[in-house]
Every structure is written in structure tokens, then in C-alpha cells.
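Here are my notes for you, point by point. Keep the model open as you read.

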Amino acid sequence: MLYFTRWKALGIILTALVVCLCAVPNFFPEATVKTWPTWAQRHLVLGLDLQGGSHILLEVDANSVKKDKLDQVRDDVRRTLRDARIVYTGLNVRNDTVEVRITKDTDLPTALTKLRELSQPLGGIMGQSGARNLEVSDAGGGLIRFTVPQAAINERIRQSVDQSIQIVERRVNELGTVEPLIQRQGLDRILVQVPGLQDPSRLKELLGKTAKLDFRMVDTTIPAEQAQGRVPADSELLMSSTSPKTPYLVKKEVLVSGADLNDAQPGFDQRTNEPIVSFRFNSSGARKFADATIKNVNQPFAIVLDNEVVSAPVIREPITGGSGQISGSFTVQGANDLAILLRAGALPAPLSIIEERTVGPGLGQDSIAKGELAAYIGSIFVILFMLLTYRLFGLFANIAVAINVAMIFGILSLLNATLTLPGIAGIVLTVGIAVDSNVLIYERIREELRGGRTAIAAIDAGFKRALATILDSNITTFIAAAVLFYIGTGPVRGFAVTFGIGILTTVFTAFTVTRLIVAAWVRWKRPQRVPI
């Protein structure tokens, strides 16, 4: 156990050195680190509780999700009956149900058969329990009623939250913030924490917008000012996004949706030098946009964002290039934010802010100071204990623990991990566990000496026979850390990450670094007795 080949010893030293050097960027100002090569710019990121920032809790609008689901059911019913050439009347959403009346009694059995195909089992565990996404019932007199069960609404909300998390993450990352935390809270809530962001107003504005973009034709059959109270069935009255508010009569049919956008970038109009947003469609969107502009030359079309008309230009000629621009008296900031929203995509449902906190950097500095103080006091007591109890071997253990802590910071920096106050607690706890491994080894050496072994034989046997015990204890502890990481959220995960990494580095330092130091001392001194 005490014999190391030259290459093995060199490998251990280089491994420890390289990992420790990964922590070096944390000791330099960020401006200095940015001048280094990209591969050398990895460093620890302080969490919200250490450097301050913004904490926002969002909630998905469950009523909007339910309304969208009912509207989808209504559209599916309309399409199904139209495809089956079944005559119907009175298709509408009433309270929490969709109703339709079949005109001919002879068509009712066929209609029920076709419409019941819309009811599908819910996926996952819910599907195995027999729950369905839609209940279809014959209410008598040719009336068919569709009801969406609460289980289906909850599943739709869950899907909306999953989709919203991805979109919110893209929007926040576009702001250039560092290591935001975005995760689910319960069924219908999303937690957003952005360290270092002291003014959350722009973030709230971006997160609160649905950013649903549509390209539709303007209804020119009657002037919008005269459409109050007599809006055509296939059109709706929308207001402009700019002040003063101007009414537009816009057809409900969507020619191209924002989902067909491939890219959006802010820019300036070369003629007027006004801020604009240039967009580019994907192949499907470019084809649909070209078809729409070919058929509607000299007709106005509306660019609708979140049910407001951004602009309504006239199609002077077919637009077949798959790209265009949106202008609407934007500011530079407004054009940039709209481009961010369009690139990130539309939210499936509106998000409302139900909790907002701004953590000041002063509180973070206080947390850092107290965390450092706790780490220093704990480390000093550990160092003194090891020196007083095991003397020279205690010094060897302290050197190994120092390398262990440096390696933890090196690995965290290499991962660009976010360090939180619970993470600091995990590092402090790791110091105790690292020393515990050395205590087991040294006590085993003492037992071997009492058993009559020579100094070198006792040291060798101490390392060899303590290995199984230390591996068992560290593996079980690592399993606990892994479970915390898997089921935990936020600060709990931060603790689990640093604690888990600390366990791995502890095993490495206890059985390589400490053993290498002791082996080098043994080869140098050839001791007849062990100073322990």
C-alpha cells in the first residue's frame, strides 16, 4: 500500500494540482478573467442568497388553460362534423362544457361515433387509471355535450408549465444573466431566481408577456369605427398597441403564426432610421406567407401580438423571400425586447406574478461573511485537534484536507456551479468527513502497533485495512447526497452537489494524497517508531 511507482505518484500530484488550479479564476476580478482564454474563464457563481438578485414566483393562469382547452374541443368538433358532412347548429362553449345540436336524427348515431373518437385516455399514470381527456354524452333531443374532466385540465396545466419553463429559461438567458434558477413549484407555479439582478422591472415585463404573434388579414368589408356591435362572425375588433388606440377589424383566420418564425433580430429601418424587428420564417412559414401575400396583393394585413395590432401594412407585392420586418414606433429597448420574445416563443398560457422579492447584495455579503467565519472556526478547531492528537501525522492529514477543499472549489469552478449558503455548509461538513477518514486510518495504525507490528508494517496495514470501512461509510453518505439532489430543489440541491463532490474528493485525498505523503516520509525517514 505504501509503494508508489514514479508515474503513479506523478499522476496523483498532477491530478490534484490541475483540479486545484481550476479554482484560481475565483481569486481574480471578473474583468481580468474575461481577458483570459475561454477555457480558463470557468469560475464559481454566487447564488441569490450570496450576491443578491431577484426572486419571482409565477403562476400559470388556470382559467386561460381551461378556456383554450374548451376552444380546442369546439374547433375539433367543428372539424369532425364538417369532415363527416353532418349538419349541426348551436356549436358553442357554455360554462365549462361544449354543446352542439345535430339537425337530423338519422345523423345522431354517426355523429356520436365520430365525436367519441375525440375522447382519448390520458397519458402516464392517469391513463392507466382509466381517466380520459374528454367526456362525450348524449343530452337528448339531438344535443351532444362535451365535458373536460378536472384530471385533463390538470394534465394540460402541467404540460403548460413544462413548456413555459423552457420558454422562460430562453427569455431570461437572452438578458445575459448568469446562472438563473428556473424550476417548477407545485402544479401551476414557476420559480425564477436571477442572481445579481437588482432591477427586475425589465425581467417582469418580459416574463409577463405571452408573445403570441399572428399574421392575419384585415377585414375591409366595413370600417372598424362602424363595426361596434355588428362585428362579422369570422372577424374580431382589436386595438392597436400604440397610443392613441386605433381599432382594427381583423379576421380570425391565422395566415401564419409565430410558431413558424425561425429568427427575429432588432435593427433599424434604412429609410427612416427607426428601430424595427426583422424576422425570418422557417420553410413551412415562408411557404404559407408567400401564398397569403400572392392572394392578397393591395390588401392590408395585420401583425397581431398578444391580441394587439402592432402594425397593419398593405401588401404591395408578393413576399416570397420568407422574411420581413415589423415596425411600430418602437424604442431601441422595445425592439430588442420584442425580438427576444419572438425568438423564445409564445407562452402557452399567461403567467401572473404572485410573489416578488429583491435580495440586496448587503444581505449576501453578510451571509458570505458568516459562512467564512463558520468555515474558519471549524477548520481551526479541526486542525488543532489533528495536530494535538496525531502530531506529525495530524499535519499530513491537515495538508490533505486543504488539498481536498481546494479540489472541491476547483471542480465546482470547472462545472460553473452556483454556490449558495447551503453549499458552503456542505463544504464545511466535508472537512469533518475528510478528517474522519484520516482518523479511521490513524486509529487502525495504532491498533496494529499495539498488536506488535513494526512501524512500516503497521502503517501499511492501517491504510489497507481501513479502506473497506471508509469506502462503506462514504458510499452510503454519497447515496444520501444523491437522493437529496434527485428529490430536492434549490438550496437543497446546492448542498447535495457540494457535499457529493466533497465525498468524492475525500476518498481521493484520503487514499492517494495522504498515503503518498506518508509513503514519501517513510522512504525518507525509514522510521523505527510512528509519531502518532
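1. In what sense do strand β2 and strand β8 pair, and over how many bridges? Strand β2 (residues 53-60) and strand β8 (residues 189-195) pair in the antiparallel sense, over seven bridges. Within this pair, Leu-57 faces Leu-191 of β8. Two strands count as paired if DSSP finds at least two bridges between them. Helices (H or I, at least four residues) and strands (E, at least two) are DSSP runs, numbered from the N terminus.

2. A word on the source. This is a predicted model, where local features need pLDDT of at least 70 and side-chain atom pairs count only at pLDDT 80 or more, while totals for chains, interfaces and linings use all residues. Residues are numbered from 1 along each chain as its sequence is written, and side-chain values use heavy atoms, with hydrogens and water left out.

3. Now place that pair in its sheet. The sheet is open and has four strands, in the order β7-β8-β2-β18, with antiparallel pairing. Its edge strands are β7 (181-185) and β18 (351-359), and each pairs on one side only. Neighbouring strands are turned by 15° against each other on average, direction ignored. Axes here are lines fitted to C-alpha atoms, for helices over the stretch in contact, and angles run from 0 to 180 degrees between N-to-C directions. Helix α8 (residues 201-208) lies across β2, β8 and β18. It runs at about 165° to β18. Contact means heavy atoms within 4.5 Å.

4. Look next at Val-192. This residue sits in strand β8. Is Val-192 buried or exposed? Val-192 is buried, because its relative accessible area is 0%. Buried means under 20% relative accessible area, exposed means over 50%, and partly exposed lies in between (1.4 Å probe, protein chains only). Leaving out residues up to four places away in sequence, Val-192 touches several others, including Ser-54, His-55, Val-168 and Leu-207. Leu-181 is eleven residues from Val-192 along the chain, yet their C-alpha atoms are separated by 5.7 Å.

5. Val-192 also belongs to the largest nonpolar core, which has 42 residues. A nonpolar core is a set of buried Ala, Val, Leu, Ile, Met, Phe, Trp, Tyr and Cys residues joined through side-chain atoms within 4.5 Å. Val-77, Ile-144, Phe-146, Val-168 and Val-192 touch the most other members. Elements that each supply at least two residues include β2, α4, β6 and α8. Helix α7 (150-174) is among them too. It gives the most, with eight residues. Val-168 touches Leu-58, Ile-182, Val-192, Leu-207, Leu-347 and Leu-351, again not counting residues up to four places away in sequence. There is also a second, separate core of 26 residues, which includes Met-386, Phe-393, Trp-521 and Ile-532.

6. β5 meets β6 (residues 143-147) over five antiparallel bridges. Asp-138 stands opposite Ile-144 in β6.

7. Check β10, which has two kinds of partner. Strand β10 (residues 235-240) pairs with β11 (residues 247-251) in the antiparallel sense over five bridges. A hairpin of six residues joins them. Glu-236 has Val-250 as its bridge partner in β11. With β16 (residues 308-311), β10 runs parallel, joined by two bridges. There, Met-239 stands opposite Glu-308.

8. Finish with the helices. Helix α13 (residues 455-487) packs against helix α14 (residues 491-525) at an angle of about 170°, with their axes 8 Å apart. That angle makes the two roughly antiparallel.

Definitions and conventions:
Parallel < 35°, antiparallel > 145°, perpendicular 65-115°, else oblique.
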